[in-house]
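This report looks at how parts of one protein chain pack together. Please keep the sequence and the 3D view at hand while reading.

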Amino acid sequence: MEFENIIKETGGNRIEVSGGKLVVPDNPVIPFIEGDGIGPDIWHAARMVLDAAVEKEYGGKKSIAWTEILAGEKAYDKTDEWLPQVTLDTIRHFYVAIKGPLTTPVGGGIRSLNVTMRQKLDLYACIRPVRYFKGTPSPVCRPELVDVVIFRENTEDVYAGIEWQQGTSEVEKVIGFLKNELGVNIRPDSGIGVKPISITGSKRLVRKAIRYAIENNRTSVTLVHKGNIMKFTEGAFRDWGYELTRDEFPDATISEDEVWDKYDGKPPEGRIVIKDRIADSMFQQILTRTAEYDVIATTNLNGDYLSDACAAQVGGIGMAPGANIGDLIGLFEATHGTAPKYAGKNCANPSSLILSGCMMFNYLGWHEVADLIFSALGKAIEQKKVTYDLERLMEGATKLSTSDFAVAIIDGIK
Ligand code: NAP
């Protein structure tokens with residue numbers, strides 16, 4: 001009933017599923033979460049840009065039927081819950097949603113709303129494309145060489161939330177079990193966390209990364225792991241990744257070893273090279289051999305660090321978009337936090353959320369809208385019309401408010 005009302009009120013239609021794929025109507029209902037802190041400012045700016053681009057591209061034939069859903073402080077104020085069940089149900093029902101940043105409530109037994117949403121909706125792939133916009137201030141010499149898409153496993157690893165606090169009866173039980181049943185000695189004053197990495201979790205993530213590489217004409221997929229130390233978790237992730245590649249994509253891919261053994265280091269036309277790198281070396285390589293990396297598939301913790309390290313090379317997290325994707329559901333989001341000191345000041349950079357909107361349009365198959373926004377945002381930055389965070393690092397730039405930056409992008413769209 002709730003969902004029928006949304007359809008009636010917005011005048012939109014539900015995205016349907018056929019043959020395991022999304023079928024997108026011309027006016028899909030898309031739920032949005034405004035977010036906390038700077039969320040309302042950047043969401044209003046982003047929505048203006050997203051709507052203007054759809055209008056420009058399709059001249060009224062297509063449009064987004066936005067519907068607000070609540071999470072974070074706004075939800076707590078109105079419903080006494082940080083993440084109401086109806087919010088999760090609505091995303092599940094309409095398949096695609098977009099969100100601003102959410103405060104992580106301190107205390108009260110709530111971990112992180114973002115992590116909870118990813119786990120409850122089984123959004124197992126966190127996807128972060130990192131690309132350079134000409135003119136953006138960067139701490140590296142050749143930021144234009146960065147063009148990677150990071151697929152980070154989103155549900156397992158030390159982020160699974162399986163941990164016991166030092167000094168509790170639970171941790172005592174775990175320490176006792178390990179000692180008595182498995183002969184493992186752990187200092188009695190330890191806290192303990194568990195790092196599960198499964199075949200299922202690893203393979204579905206690597207499968208998504210390879211499919212993305214095939215569909216987007218990318219050249220390589222690099223499996224990033226710390227398998228030299230954590231053999232049965234990180235090392236297994238790498239092994240299962242290669243196994244999946246051989247079993248499911250034998251014609252579309254080739255391993256780096258085979259490229260050297262049989263083709264003198266030059267990959268045959270049309271084959272995606274599958275390679276692997278140890279995580280610490282990858283942090284060097286992405287700086288020293290930037291152009292050699294394209295799609296990256298990695299475990300949760302490595303992916304968290306690597307995403308921000310890559311984003312730093314192209315101008316920081318204010319510019320980096322993200323998406324959390326499951327088998328069908330896609331939740332697109334700004335990757336930075338709520339920056340509370342700038343809340344309501346109409347000064348934050350909305351680029352991360354706008355670019356997440358571009359990812360959303362690509363997910364819907366509205367690629368031309370994504371391209372339009374992408375190039376208009378690039379134009380605004382090249383003209384040095386930017387928000388405070390970039391202006392303070394650029395010589396001769398014009399400092400714009402969040403909403404004026406959106407207007408500058410819309411001018412570029414028109
Ligand atoms: P943050 O909100 O990302 O802010 C840290 C700093 O990054 C800001 O002070 C600002 O730096 C810069 N920044 C972030 N977003 C910006 C933007 N759009 N435009 C310009 N500058 C931006 O990180 P935090 O202070 O650690 O976290 C605050 C809250 O957000 C916490 O409750 C945290 O749990 C939550 N959080 C949510 C998400 C999410 O929803 N996905 C992600 C991360 C954190 P300057 O002051 O130098 O200008």
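## Helix H2 and its partners

H2 and H15 are roughly parallel to each other, a label used for angles under 35 degrees, while over 145 counts as roughly antiparallel, 65 to 115 as roughly perpendicular and the rest as oblique. The model is predicted, local features need pLDDT of at least 70, side-chain atom pairs count only at pLDDT 80 or more, and totals for chains, interfaces and linings use all residues. Residues are numbered from 1 along each chain as its sequence is written, and side-chain values use heavy atoms, with hydrogens and water left out.

Helices (H or I, at least four residues) and strands (E, at least two) are DSSP runs, numbered from the N terminus. Two packed helices are described by the angle between their axes and the distance between the axes. For H2 and helix H15 (residues 402-413), the axes come within 9 Å and cross at roughly 10 degrees. The axes are lines fitted to C-alpha atoms, for helices over the stretch in contact, and the angles run from 0 to 180 degrees between N-to-C directions. In contact (heavy atoms within 4.5 Å) are Asp 41, Ile 42, Ala 45, Met 48, Val 49, Ala 52, Ala 53 and Lys 56 of H2 with Thr 402, Ser 403, Ala 406, Val 407, Ile 409, Ile 410 and Ile 413 of H15. Sorted by class, this contact has 11 nonpolar, two polar and two charged residues. Here Ala, Val, Leu, Ile, Met, Phe, Trp, Tyr, Cys and Pro count as nonpolar, Asp, Glu, Lys and Arg as charged, and the others, Gly among them, as polar.

## A second crossing

Helix H2 (residues 39-58) also meets helix H13 (residues 367-382), where the axes come within 9 Å and cross at roughly 120 degrees. That angle makes H2 oblique to H13. On the H2 side the contact is made by Val 49, Leu 50, Ala 53, Val 54, Lys 56, Glu 57 and Tyr 58, and on the H13 side by Glu 368, Val 369, Leu 372 and Ile 373. By class there are eight nonpolar, no polar and three charged residues in the contact of H2 with H13.

Thr 298 lies in strand S13 (residues 295-298). Thr 298 counts as buried because its relative accessibility is 0%; buried means under 20% relative accessible area, exposed over 50%, partly exposed in between (1.4 Å probe, protein chains only). Its side chain reaches the backbone oxygen of Val 224 at 2.7 Å. Not counting residues up to four places away in sequence, Thr 298 touches several residues, including Ile 150, Phe 237 and Gly 303.

Ser 307 sits in helix H11 (residues 300-313) and is buried, at 2% relative accessibility. The side chain of Ser 307 reaches the backbone oxygen of Gly 303 at 2.6 Å. With residues up to four places away in sequence left out, Ser 307 touches Arg 128 and Ile 150.

## Positive phi in two loops

Most residues other than glycine have a negative phi, and most peptide bonds are trans. Asn 346, not a glycine, has a positive phi of about 55 degrees. Asn 346 is in the loop between strand S15 (330-334) and helix H12 (351-364), and is partly exposed at 26% relative accessible area.

Lys 384 is not a glycine either, and has a positive phi of about 60 degrees. Lys 384 belongs to the loop between H13 and strand S16 (385-386). With a relative accessible area of 33%, Lys 384 is partly exposed.

Terms used. A polar contact is a pair of N or O atoms within 3.5 Å; within protein, one must be able to donate a hydrogen and the other to accept it, and residues adjacent in sequence count only if both atoms are side-chain atoms.
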